[in-house]
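Hi there,

Here is the structure I promised to pass on to you. My notes on what turned up in it follow below.

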Amino acid sequence: MKQVIPALASMLVVPMMVLAQDPKPLPVVSEQDAAALEKLIGEKLTAKPQKARKVLVFSKCEGFVHGDAIVYGKKAIEIAAKTGAFAADFSDDYAVLADKDNLFKYDALVLNNTTHMKVKDHPAIVPNLVAFVNAGRGLCAIHAAADNFYDSPEAAALVGGLFDGHPWGGGGKWAFKLDDPDNPLNRSLKASDLKFGDEIYQQKAPYDRAKLHVLVSLDMSDENTAKQNGQKREDKDFAVSWISEHGKGRVFYTSFAHDKRAYMQPATLWHILDGLQYTLGDLEVKIKK
């Protein structure tokens, strides 16, 4: 992993296991699981990088803390960086986003299960994020990244939706369908059983299927998936993953990764890694206009 320059040493948190500002220590990725991730990822990612890439992984939580999802997501990206597809820095300090010059050193930003980010206390962050993506960079928003920006419409529009409950809890097994089966970002899911456990969000505005290229959604023809209480959308449109373009940049969002399971099974691990490479501009995907 690339070393952090001294000027940013106080901002960036390189150790993978601890976020100093979290109220409780985060769990630790076991040696066994780390070795399993190394094996699952291997020596190269799906796309060859077009040039040297740099990724910022941001994991600040002001609301619910998805502990093992955060550390397993970080570990997966740390291991993926060893392939040479990109370099990665890790932080939970708002300063790395509020400093535009620092943010613009990166090709993509990963919102790694962030919750209730206090962007109003740091007014430069939202305009920086919008400018960052519009200028041709990428945003990879994972699971609880939709649980932010309730009072920041521009940032919410970048992500593409806002959390509105999760009738499909982490203890259940849900059915999924591929809205675009031949999309490169669905290659790993296409080859898998589309029924597995995770916690899936329903989305409210600004979610609008007409403005997004939906990749995966819940399969409401499955009896168990369809009968869960708490569903608010009359249209029964429960998108799980999507991509979008903003200016010259790219966004990938997935509701997968409530916990470590998404990283320990190939289908969702590679869905996320491929989504990241899409936001970097290395994995070409045609978006429906």
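Let me start with a definition: rings of Phe, Tyr and Trp, with the six-membered ring used for Trp, count as a pair if their centres lie within 6.5 Å. By that rule, the count here comes to nine aromatic pairs. Please keep in mind throughout that this is a predicted model.

One of the nine pairs is formed by F58 and Y94, with 6.0 Å centre to centre and 45° between the planes, and it is tilted. Planes under 30 degrees apart would count as stacked and those over 60 as edge-to-face, so 45° falls into the tilted class. F58 sits in strand β1 (residues 54-58), while Y94 is in the loop between β2 and α3 (95-98). The two are 36 residues apart, and the pair links distant parts of the chain.

Now to the sheet. What is the order of its strands? Reading across, it is β2-β1-β3-β4-β11-β10-β9-β6-β7, an open sheet of nine strands with mixed pairing. At the edges are β2 (87-91) and β7 (195-196), each of which pairs on one side only. Strand β6 (residues 174-178) and β7 run antiparallel and are joined by two bridges. Within that pairing, A175 stands opposite K195 in β7. Helix α5 (residues 125-134) packs on the sheet, where it touches β3 (108-112), β4 (138-142), β10 (239-246) and β11 (249-254). The direction of α5 makes about 115° with that of β11.

Helix α1 (residues 31-41) has two packing partners that I would like to show you.

The contact with helix α10 (residues 266-280) has an angle of about 65°, with the axes 11 Å apart. Angles of 65 to 115 degrees count as roughly perpendicular, which means α1 is roughly perpendicular to α10. The crossing of α1 past α10 is right-handed. On the α1 side, L37, L40 and I41 take part, and they meet P266, L269, W270 and L273 in α10. By class, this contact has seven nonpolar residues, no polar ones and no charged ones.

The other partner is helix α2 (residues 67-81), whose axis comes within 10 Å of that of α1 and crosses it at roughly 45°. That angle makes α1 oblique to α2. Here, too, α1 passes in a right-handed crossing. D33, A34, L37, E38 and I41 of α1 make the contact with Y72, K75, A76, I79 and A80 of α2. By class, it has seven nonpolar, no polar and three charged residues. L37 and I41 take part in the contact with α10 and in that with α2.

A few loop residues may also interest you:

- M220 lies in the loop between β9 (213-218) and α8 (223-226). Leaving out residues up to four places away in sequence, M220 touches W168, T225, A226, Q231, K236 and F238. From M220 to W174, the separation is 46 residues in sequence and 9.4 Å in space, C-alpha to C-alpha.
- A205 and P206 are joined by a cis peptide bond, with omega of about 20°. P206 belongs to the loop between β8 (203-204) and β9.
- N113 has a positive phi of about 60°, although it is not a glycine. Its place is in the loop between β3 and α5.

Happy to talk any of this through.

Best wishes

Key
Residues numbered from 1 in each chain as written. Predicted model: local features only at pLDDT ≥ 70, side-chain atom pairs only at ≥ 80, totals over all residues. Heavy atoms only, no water. Pairing = 2+ DSSP bridges. Helix = DSSP H or I, 4+ residues; strand = E, 2+ residues; numbered from the N terminus. Contact = heavy atoms within 4.5 Å. Axes fitted to C-alpha atoms, helices over the stretch in contact; angles between N-to-C directions. Parallel < 35°, antiparallel > 145°, perpendicular 65-115°, else oblique. Left-handed = near helix turned anticlockwise from the far one by under 90°. Nonpolar A, V, L, I, M, F, W, Y, C, P; charged D, E, K, R; others polar.
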